[in-house]
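Please consult the sequence and the model while reading.

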Amino acid sequence: MSWAPTARLLAYPWLIAALLLAALAAGRPELAAVAAPLAALLLAGLLSTRRPQLPAVLVSAAEGRVIEGDRVDLTVDVAFPGEVEALEVGLLLPSGVELVEADNPRLLARADGPRQILTVSVRPRRWGVFALGPVHLRAFDDFRLRRFEARLDGGAVIRAYPRAERLRTLVRPAHTHLYSGNRVAARKGEGIEFADTRPYVPGDQLRSVNWRASARRGDLWVTLRHPERNVDVVLLLDTFTHAGAADGSTLEQMVRGASSLASAWLRERDRVGVIDFGGTLRWLEVGGGLRHAYRLVDALLDTQVVFSYAWKGSEVIPIRLLPPHALVVGLSPLLDQRFLKALLDLRGRGLDVAVIELPVEPHLGAPATEVALLARRMWRLERETVRARLLQAGVGVAEWAESEPLEAVVAEVDAWRRRARLRVR
Amino acid sequence: MAPSRSTARPLSAALLAAGLAAVLAAVVLVRAAAAAEAPWLVAGAGAAGAVALLVIAAAVLTARAAAVGWGVALLAAEYAIFLVGRGAPLDAYAPLLGIGLVLVAELSFTACEWRGPHAVDSTVELRRWSRLALAAAAGGGVGGGALALAAAVPGSVAGLVIGAAGVVGLVGLAAWLRASTSGETQPAP
């Protein structure tokens, strides 16, 4: 452990020296006698304690994967160094993780045993990957003249997943995929939902004959049904920029929303992929199933804004990431023109695109001056124009205020698409 | 073991430190008033004592440990002024004042530490104070012995040489400690 003198050790030698010097100068031995207790203390302190060995510390979490806001119990296993009487153990928590009902730092006494285990409860306030630690160790010598300190890596990592909102309504895609799923396809075929009736033709299965219609018409009629199919959904995340502080920014809201949407679509046996479109391009191809769900949420945890000046369009997105007839759902604060252009390009290419807008205004302060107020009004008008351009291109947009449920926003986008009788080339 | 971090602890240590410093300053001032012939010496001692009290109170209230040394030095300066005014006979109470200064310094430093992010354990603190009292008492004993020796052999050259060597050694130690801590900070979890 490294050592440093405490304020005592920095003050006492000067005090003693000054008193001795004064004793010599004034010829008063009393001043030397005044210095004697301080000198005894200094001598005893410097001679009494050796530098302690570096203790072994291991931090482990009861659960490595949790949902944000859940409590995680950590155990800090400390092998106590024999040279000191007490050891302060403090866990340095990363931003976004808070302590729950525990003292930090904690003091361990040598009298309690050579190996001690502390239990510390923490709570991740937001989603993310958090490396817990380092562990800060601090000890003093017997007279608190020297401070011994060390910082050791904790070695524990917790992955806090976003708390997904359970959605019952989802954006209905214009096209379904060929694979079976839970979504009623627009075309007719084998399925459960009634679609239409038509006259019997040789080759039709006998079980599809609609006997009531046949009896009324005096001829054989068969029932047509909508098949249940799945859909490919690509979540396009705008990582060019974000608004707000680290805790509670549009990025945090975006990942939470993406997680909720992905979970909901995967529950419906649809295939979901994700593309982080920003300073860097990261993606996870469309897929389904539980394993893919875990991969997807893990990929979402690594989402971050990477600032870049480089102009990028939708052409940088590999074509295989956007399957034919896929529904592209963009989540964006609509601040960056590159993302906006990419959305319009994708729509122009004939893809089915919808956008959930993350509001920026709550993260801005109130305008203080007349000019600022005017600028804010102009900015609002610009954003209105952006929304109008998207709607004009057939891209449904709805703003998701953090206080309102995502389901309401999804329903709003879906309603607009139905009203607009969206047709995709 | 249940470490506690109550806010009453630093306050009580601060009050004790300031109280003890006030008592020491007052005792020295009263003795100076009784012994000194020149009024400026009493005024000087009083001023040094008052400033010492202010510095110590400010240090413990604002948790500035670096100022504690100055407060204690001013208390010692008050005593030195008293000695100058007192004249020839040796003051047998000097070791007691030394022990008092140690207690004021330790209480003040402790009050400053307890205001920071330190965990405190009563048992550990009790042991530390026991050791500290023992060392201060031993130092007081040595100081008393030195005074007795000085009374027996006035104007000793050996004492002068030992004193000068002690000063040089301590100044060297202080300078080395200061240099060894350049850039060090006290991080707190």
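Which residue just after α4(A) takes a positive phi? That residue is A:R269, with a phi of about 65 degrees. The model is predicted: local features need pLDDT of at least 70, side-chain atom pairs count only at pLDDT 80 or more, and totals for chains, interfaces and linings use all residues. Residues are numbered from 1 along each chain as its sequence is written, while chains are lettered from A and ligands numbered from 1 in the order in which they are written.

**Helix α4 of chain A**
- This helix covers residues 250-267; helices are DSSP runs of H or I with at least four residues, strands are runs of E with at least two, and both are numbered from the N terminus.
- Its 18 residues reach 25 Å from first to last C-alpha, close to the expected 26 Å (1.5 Å times one less than the number of residues).
- Because 17 of its 18 residues are buried, α4(A) is largely enclosed by the rest of the structure (buried means 20 or more other C-beta atoms, placed from the backbone, within 10 Å; exposed means 12 or fewer; partly exposed lies in between).

**Positive phi in loops**
- Most residues other than glycine have a negative phi.
- A:R144, in the loop between β10 and β11 of chain A, has a positive phi near 55 degrees and is partly exposed.
- B:A63, in the loop between α2 and α3 of chain B, has a positive phi of about 55 degrees and is also partly exposed.

**Contact between the chains**
- In all, 61 residues of chain B are in contact with 52 residues of chain A (C-beta atoms, placed from the backbone, within 7 Å).
- Helix α5(B) gives the largest share of chain B's side, 17 residues.

Technical notes. Two residues are in contact if their C-beta atoms, placed from the backbone, lie within 7 Å.
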